[in-house]
Amino acid sequence: MDRERILLTPGPLTTTLQTKLAMLRDWGSWDADFNAVTARVRSSLLKVIHGEQSHVVVPLQGSGTFSVEAAVATVVPREGHVLVMDNGAYCKRAAKLTSLMGRKCTVLDFDEAAQVSPQVLDQKLAQDPSITHVVMIHCETGAGVLNPLRDVAMVCEKRGKGLIVDAMSSFGALPIDAREVRFDALVAASGKCLEGVPGMGFVFLRKAILDQCAGNSQSLAMDLYDQYQYMEKTTQWRFTPPTHVVVALAEAIAQFEAEGGQPARLARYTDNYRTLVDGMARLGFMPFLDPSIQAPIIVTFHAPGDSRYDFKAFYNAAKASGFILYPGKLTQIETFRVGCIGAIGRVEMQQAVHAVELALQELGIASGEPAI
Ligand SMILES: *Cc1c(COP(=O)(O)O)cnc(C)c1O
């Protein structure tokens with residue numbers, strides 16, 4: 001087939017031809033033209049969250065997790081105590097990296113089929129005044145749950161705790177307004193809802209806490225404070241920048257703005273989500289989550305109950321039709337995931353459903369209906 005495969009995965013994801021073409025040039029890291037691109041990207045990113053007054057944004061080389069790790073290491077003092085609200089795989093990763101950074105870490109457990117609870121957080125913070133910071137994942141990409149950012153931020157503000165938000169899979173698609181929601185750090189990356197290519201993250205840091213961040217990081221490469229100071233002073237990245245990723249992101253952001261910014265992106269992803277879930281329902285598939293807490297970013301489906309189902313074979317059959325599915329990330333039950341994000345629209349989602357239908361036929365499965 002001529003068309004490139006469509007990635008129905010939560011990053012890397014399908015990018016436009018224009019974004020790919022932006023990478024066909026080499027750039028010097030000292031060059032003023034390249035540094036102007038970095039400055040433009042940073043200023044556009046701040047606008048997405050209306051953070052021009054309250055926050056700065058610090059880009060960092062690496063995948064999204066590098067930036068989460070850097071945010072924790074930079075914002076939390078070494079003697080700090082972090083509470084991680086856990087309703088899925090990315091929360092568990094955040095807790096693990098917090099411990100590995102040498103910060104005291106307490107995990108507050110929630111069901112992976114439910115949102116985290118601001119009320120339970122409030123009680124926990126009242127019980128344990130030694131907690132200094134809270135980490136939450138905005139969209140838990142593990143199951144696809146949208147967590148209540150605004151209410152969690154209100155609890156943290158009321159209790160005087162710092163808040164670090166992993167908004168990796170929500171930034172650019174779901175509304176986040178720094179004028180209304182208080183957070184010390186918010187983390188996202190190039191290769192998710194902005195539809196750039198993977199290779200860099202970025203962290204919004206609240207100006208009011210910036211000075212307190214000096215010297216917190218025990219890692220040189222992950223020190224966002226140092227990266228920020230250096231970038232402000234020189235306009236350059238501290239170490240070799242991911243030049244092609246940066247120019248691709250600048251191009252992807254120009255398309256994002258032309259499309260109508262966050263509201264337009266949310267509208268397209270919501271349409272993708274509805275097209276997917278409606279089409280899959282016709283094939284008998286059932287989503288894992290209650291729709292009221294489902295983000296229109298990635299959908300977890302129960303695996304078909306038919307004994308002929310095997311994820312690898314199912315995946316390969318869908319791939320032969322040009323669609324890349326994603327394995328499930330739940331520990332207890334058999335699931336698979338389908339992303340709704342990337343440079344794709346209704347037609348691609350209809351074709352994806354058709355690819356799933358063909359995959360079922362190939363495996364000799366009559367319906368996607370789960371066993372439960
Ligand atoms: C994608 C993602 C990350 C980062 O994952 P990487 O593999 O490091 O890019 C972190 N948190 C969430 C919620 C994500 O969706």
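**Exercise 1.** Which ligand atom is 2.8 Å from an N or O atom in the side chain of K192?

*Solution.* Start with the ground rules. This is a predicted model, where local features need pLDDT of at least 70, side-chain atom pairs count only at pLDDT 80 or more, and totals for chains, interfaces and linings use all residues. Numbering starts from 1 along each chain as its sequence is written, and side-chain values use heavy atoms, without hydrogens and water.

Now look at K192. An oxygen atom of the ligand lies 2.8 Å from an N or O atom of that side chain. Next, take S63: one of its polar side-chain atoms is 2.5 Å from a ligand oxygen atom. Then take D166: an N or O atom in its side chain is 2.6 Å from a nitrogen atom of the ligand.

**Exercise 2.** Find how much of the ligand the protein covers.

*Solution.* On its own, the ligand has 380 Å² of accessible area (Shrake-Rupley method, 1.4 Å probe). The protein covers 83% of that area.

**Exercise 3.** Describe the shell around the ligand by class and by element.

*Solution.* First, list residues. The ligand's surroundings include G64, T65, Y90, R93 and M168. Second, sort by class: the shell has four nonpolar, five polar and three charged residues. Here Asp, Glu, Lys and Arg count as charged, and Gly is among the polar ones. Third, find the elements: α3 (64-75) and α4 (89-100) each give two or more residues to the shell. Helices are DSSP runs (H or I) of at least four residues, numbered from the N terminus.

**Exercise 4.** Which residues does the "domain: Aminotransferase class V" annotation cover?

*Solution.* The unreviewed UniProt entry gives residues 31-314. The end C-alpha atoms of this span lie 48 Å apart.

Technical notes
Near = heavy atom within 4 Å. Polar contact = N/O pair within 3.5 Å; in protein donor to acceptor, adjacent residues only side chain to side chain. UniProt positions renumbered as here; feature names shortened; annotations may be inferred.
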